[in-house]
Amino acid sequence: MKTANGEPYPSADQGGIETSVPKDAGTESDLGEVIALSRICAAVSGLIELDAILHIGLDNVLSLMGGAEGGILLLDEKTKTLSYSISRGLSSKFSREVRLKPGEGIVGRVVQSGRPVLLGDISIEPGVARPDLVSMEGIKSFAAVPLRAKDNVLGVMTISNRIPHRFTRKDLHLLQSIGDLLGLAIEQGRLYEQLSKGRERYRQLARQVLIAQEEERKRIARELHDETSQTLAGLALNLRALMDMTEMVGIQDREFKSRLEKAHGVAVQVSIEVSRLIARLRPTLLDTLGLIPAIRQYAETSLSPLGVSLRFSSDEPGKTLPPEFEMGVFRWAQGAIGNIVKHSHATSASIAIKREGDELVVIISDNGQGFDVSQLTGIDQSGRGAGVFSMKERIRLLGGDCSIQSQPGKGTTLTARVPLS
């Protein structure tokens with residue numbers, strides 16, 4: 001006879017496993033077994049929370065096996081210690097004080113060997129790790145089933161009762177099948193936990209990168225304003241003064257005067273461009289008047305020179321917003337407006353800022369050429385998609401979400417929803 005994993009059925013010298021297992025009584029409980037397995041499979045495939053899956057698995061096993069008590073012990077990867085994660089019918093003292101190493105006691109041997117233990121009466125077994133606790137609970141029949149995935153035992157499920165009970169081979173196979181399902185759930189749960197931690201580390205890193213980026217923008221804007229902009233303004237004034245002097249002293253050299261005027265015009269134009277660059281790096285209205293005026297001014301100064309008409313509507317958020325919140329939403333809007341300027345070929349655009357419940361909603365749309373959203377799945381080697389990715393990440397870091405609706409020839413609508421709390 002072999003187990004469900006293809007291994008020989010344990011003999012009497014393998015950890016006190018009971019061998020006088022009677023033949024199966026019939027098929028009256030087959031439907032209950034199928035239902036229990038179906039419920040556990042549904043939990044493993046449909047739930048994310050590991051505790052919820054383990055609770056469903058344990059409850060169904062206890063109901064199916066007629067067990068009065070039971071629990072699931074998980075193996076801590078760092079300390080290599082088994083302890084109860086969940087339990088039913090066991091005292092808090094028992095659940096709290098049972099701490100076992102692999103190989104220690106019956107449950108520890110299950111972890112070490114990867115084989116189940118089915119005992120009609122545990123109270124007469126010599127290999128019990130904590131006989132005092134077993135006696136206190138009054139446990140008689142006892143089953144310990146390994147929970148494993150890919151040959152790694154991740155925990156043990158126990159089923160016990162206060163009266164002796166003789167387990168069948170069908171019980172053995174059923175418990176092993178359920179143990180393998182729950183082992184898979186534990187592995188998936190741990191992988192999901194690792195993924196969640198990795199995602200959170202990524203978000204923290206992205207937040208630090210964005211903060212550093214904003215600090216660098218502020219530094220560059222300040223230097224441009226305090227040094228470059230002032231120098232250009234002084235240059236333009238000096239050139240203007242030279243032009244006035246040529247008139248006063250009566251210089252008639254037309255080429256000289258023409259070049260002087262061109263130099264003055266270039267200085268003025270460069271000064272204007274530097275001022276625009278400063279505004280893009282750190283909009284002064286965002287610091288002085290707040291989010292909504294800053295978005296409106298940026299949209300008007302960006303779209304008006306291109307002949308794009310703008311409709312703007314807004315509601316007051318009703319509360320003072322923190323600087324990092326305003327900066328994140330503004331940068332998102334800046335990216336959306338920049339896409340209209342660069343790619344849309346639009347003739348009109350609209351911006352609506354409103355409050356819906358405890359959310360700030362910003363909707364920016366245009367009547368431009370649009371695009372196929374399904375093709376924008378990531379960032380390609382040319383950098384296409386990086387702007388949209390950055391915009392989405394800024395909103396996600398604020399706890400919100402961003403959506404894009406667009407079709408070729410039918411314009412584009414971007415929506416950001418950010419919680420105000």
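Biologist: Why does Phe94 count as buried?

Modeller: Phe94 counts as buried because its relative accessibility is 7%. Buried means under 20% relative accessible area, exposed means over 50%, and partly exposed is in between (1.4 Å probe, protein chains only). This is a predicted model, where local features need pLDDT of at least 70 and side-chain atom pairs count only at pLDDT 80 or more, while totals for chains, interfaces and linings use all residues. Residues are numbered from 1 along each chain as its sequence is written, and side-chain values use heavy atoms, with hydrogens and water left out.

Biologist: OK, rings next. How many aromatic pairs are there?

Modeller: The count is 2 aromatic pairs. The rule takes rings of Phe, Tyr and Trp (its six-membered ring) with centres within 6.5 Å; planes under 30 degrees apart are stacked, over 60 edge-to-face, and the rest tilted. Tyr84 and Phe94 make a tilted pair, 6.0 Å centre to centre with 55 degrees between the planes.

Biologist: Where do those two sit in the chain?

Modeller: Tyr84 is in strand β2 (residues 82–88) and Phe94 in helix α3 (residues 92–97), 10 residues apart. Helices (H or I, at least four residues) and strands (E, at least two) are DSSP runs, numbered from the N terminus. Tyr84 counts as buried too, because its relative accessibility is 15%.

Biologist: And Tyr298 with Phe330, which kind of pair is that?

Modeller: Edge-to-face: 6.0 Å centre to centre, with 75 degrees between the planes. Tyr298 comes from helix α9 (residues 291–303) and Phe330 from helix α10 (residues 323–344), 32 residues apart. Both Tyr298 and Phe330 are buried.

Biologist: Switching to strands. How many residues of β5 are buried?

Modeller: In β5 (residues 142–149), 8 of its 8 residues are buried. Phe142, Ala144, Pro146 and Arg148 point one way, and Ala143, Val145, Leu147 and Ala149 point the other way.

Biologist: Which strands does β5 pair with?

Modeller: Strand β4 (residues 117–119) pairs with β5 in the antiparallel sense over 3 bridges, and Leu118 has Ala143 as its bridge partner. Pairing needs at least two DSSP bridges between the strands. β5 and β6 (residues 152–160) are also antiparallel, over 8 bridges, with Val156 as the partner of Pro146.

Biologist: What's in the turn between β5 and β6?

Modeller: That's a hairpin with 2 residues between the strands, and Lys150 in the turn has a positive phi of about 55 degrees.

Biologist: Last one: is Phe256 buried or partly exposed?

Modeller: Phe256 counts as partly exposed, because its relative accessibility is 41%. Phe256 lies in helix α7 (residues 254–281).
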